[in-house]
Each structure stands twice: as structure tokens, then as C-alpha cells.
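This report goes from a single helix and its surface to a sheet, and then to the chain as a whole. Please read it alongside the sequence and the structure shown here.

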Amino acid sequence: MLHILMSVLLTLALLTMFVCSESRTLYIKDEGILPMQKGDVALTFYITVKNTGHYSVGIDVEMYQCCLDDPEPEYKDCKSMVLIGGHQGMMHPDDSRNLTLIYPNMYLTDRVGTCTVDIIHTGNHYLRHKIAFDTRIYPRNTWIPVFLRKYIYGMVVYHCTSIDQDRLQSCRPVDCIQKYNGYRNYFNTTYQRCQPATKCSSSIKETIFIPEWNGCKDRYQVLLEHDRSALSAHNDQSMLRHLTEMDIQNSICNHGHWNTEFRVCICDAGWRSTSTQELGGQYSSQNIPVMCNIAIQAQPVSLVVRIYKYFTTPKWNAELIATVVILSISLILSIALLLMCAWEKIKNRKAYSVNRKTSLQKLAESLGNASKGGSASKASYSHLYEYAKVLKANSALTENELELSVGDWIRNLEKTSSVGWWKGTCHGITGVFPSKCVKFYKAGECPVDSDSDTN
């Protein structure tokens, strides 16, 4: 009986080890985002896995959760990003493959967060893995992630104050509904961020949504200032106390915002309100004037005026002076360095010319002495080399030096007393030549065409 129990326990242990080993047949090698191309409208997340088991397995990949990180806790979001995975096919033993999930969106940059992904394989076993991502981009001279470089190549990256301003479109506000898949559908112009729109109570029919400050309000609480004055004349103190707590707005601000302290519309840059004569019938349904509704056409400013304003602006004077001084010093140093380099080259050329002429004069003197004293030097070297072929052209500087062209042959070779100089005959003219311009051939090594090229 004990032996049977031990056998059952051993079988269960082996089965458990087999199942556990099969659940770990996938080895994760890498993860991230695949390189993007210009015009892409989706991020492609990938996980590189390898089948380390002994059997082929079917692979499916699904998103568990994607969370966008943000320094401000109220903007942390784990709902708006939805990755599309699916069946990835069969993986055979020792196969490696990229498992991919797609996130389609028109706004792919300025996203930071972590996506948790489930890798499901044969037997409903799964691995849960996290992929951290950061698609933030910055202005020039700042590091850009490798997978984003082709995507933004040739585009201007602007410095914006918020990740919900499009850095590739002059910091324009993004389409919140598209970027956050409907979870944030209101752009707050004060904070320059996308926020969920406030849900107004459906039980109160007269409650309306106010987009200027993302809130709900009773439509009858928007009163004119003269209405408050009329009520004050009746000395209804209870009503006045109630009205004091209300946001009394005496105009509708189109391209601007309502200042509660001064109770006026502050127009955005480039907009103004109509005058009394221009106003005409531009009122709302509650007879509230429409303000900040006319775009101001910018007057062209000449280049001379711009330059004058730049140089006469006090806050730029110090910076301008420092810039001019630095540029002047850099220019002077550059010119001085160029002059020094040019002078060194001239000196080196003169020294080389003088040294060469001096060497040739000494060589001529030694040749004259050698002609008077005998041909011992020629006898000592004539048996070594018979011909020399010119590999590099040589321009004669003195009458004793040979003018050589590439391919010429020199015979009657004789080594001179000056190092690196030989004497020989080429085209019937005898003179000296530098040994670095030729290749020497011993007796019997001379090519066949040497007779035709020498005289």
C-alpha cells in the first residue's frame, strides 16, 4: 500500500513538473516600439519571444492594461489607450518572433506610460509582461528616441507648455476626443490640458453645459448687470444675497474669457469686441451682448521698423552687446589663425626650395670632383642596377637635374655622394635625379620595353 501511494505521489510530481516546464517554454528577449516612418498613424508595440520548449505552440497576444503616466495625479489614465493584438501563429522549437500589438491614433507623440500585455499559448498558459514607452519629442539639439527619428525627420519641433499641445503643429491644441479616444473631450484653455467634460444632471432640464469653464449651470443664473440694479431698487435683500453668490455675467465671450473680478470679457490676442455702432443685432437668446467676436488684422511691419524696435528695446541691449562682442572676438581669432597657417605654409615652401637647391649644388660639386678623381663610385654600383623606371614625374630645378615623366627609362646609373640622389641618362641627357621617383632593376631584370624608351 505504501509503495502504491509513493508511486502516485511521484507521478503527480512529474506531471506537475511537466506542466510547469511547458508553461515556461516562452523566453522573452526584448520589448519596445518598432521604428516609425513619416506619416504613420499607429504605434506598433512588440515583444520578442523565443520558444525554448520541445513542442510547437500557438501564440495569441492581448492587452491587459495601458496606463498613461503624468506628474499630476488627476491626469493619470488607464482607459484611453487600447492596443489591438490577436493570433500570432505557431512557433516551432527554437523559433524567435516579434509579437506585435497596434495602437492606432492621430497623435502618437508625447505619450509616457506602461502597457501590460498577456502572451497566451497552448493550454491557456500565459505570460504577463510590461512594456514601458516614452514618445516625447523635444526641440532641436535634444535627444530624440531612435524609433521616432524618421517619423519627425524634416519637421519643426516646437517648445510647448503642455503635452496636449501639438509640438509638430505650432503648439496648437490637440483634438482631445481623437487623442484620448473620447475619454477626455474638453480642452481647458487655462491649463492647456485635455479633461473629461463635466456631466450635467439630466434631472434638471434647465441645467446647461458651459464650455468656457467646463461646468454646469442653471441657464437663468446668467443675468445682466442692469437686471441686478432693477432688483436692487425693490430692496429685496434675500434675492440680492442670492444674486451676490451667483456668477453674474453681462456678456458672452467668444474668443476670450470671463473675468469674475472685474466682470468683463478679456479677449484673446488678435480679437476685439464690436463697438456700439457695429453691434447691431448680435445678441444671444438671452439678449446678452456677443463680445470678442471680430478678428484683428495684423498690420504689416516693415523690416526697418522691426530692426529699430529690436535695437531700441532696453531688455535686449545687454544681450545684443554680449553677442556682438563674442562674434567680433571669434572673427578676429579665426582670421589670426588663418594668417598664421598661411605664413607657416609659405615658410615651409621657402625652406624646402632652399634646401633642395643647396643639395643640388653640393651634388654638382661632388659630381665634378668625381669626374676628376675617377669613376670609383660608378664602378661600385654599376653592377647592382642597370636600369631605372620613372614612377613619379620630377621637375628639374637646376641645369644638372633631369626632367622626368612617368614611364621614362634611365640607364648608365651611378650613385652620387648625396643621400637619395643618383646620376643617369634619359633621352640622351645625363643628369641627377631623386631615387624616390624611380624603381631600380638589376642586370637581367630589365623589362623588354626598356630599350625603346632609353637612348
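Leu 333 has its place in helix α7, which spans residues 314–373, in what is a predicted model. With a relative accessible area of 57%, Leu 333 counts as exposed, because the cut-off for that class is over 50%.

## A four-stranded open sheet

In the order β4-β3-β6-β7, four strands form an open sheet whose pairing is antiparallel. The edges are held by β4 (86–91) and β7 (125–134), each of which has a single partner strand, so that one side of each is left without a neighbour in the sheet. From one strand to the next, the twist averages 25 degrees.

Within this sheet, strand β3 (residues 57–68) runs antiparallel to strand β6 (residues 112–121), and nine bridges join the two. As for individual residues, Gln 65 has Thr 116 of β6 as its bridge partner. In general, the strands of a sheet pair through backbone hydrogen bonds, in either a parallel or an antiparallel manner.

## The chain as a whole

The chain contains nine helices and 24 strands, and of its 455 residues 31% count as buried. When contacts between residues at least 6 apart in sequence are considered, 54% of them join residues at least 24 apart.

Definitions and conventions. Residues numbered from 1 in each chain as written. Predicted model: local features only at pLDDT ≥ 70, side-chain atom pairs only at ≥ 80, totals over all residues. Heavy atoms only, no water. Buried < 20%, exposed > 50% of the residue type's maximum accessible area, 1.4 Å probe, protein only. Contact = heavy atoms within 4.5 Å. Pairing = 2+ DSSP bridges. Axes fitted to C-alpha atoms, helices over the stretch in contact; angles between N-to-C directions.
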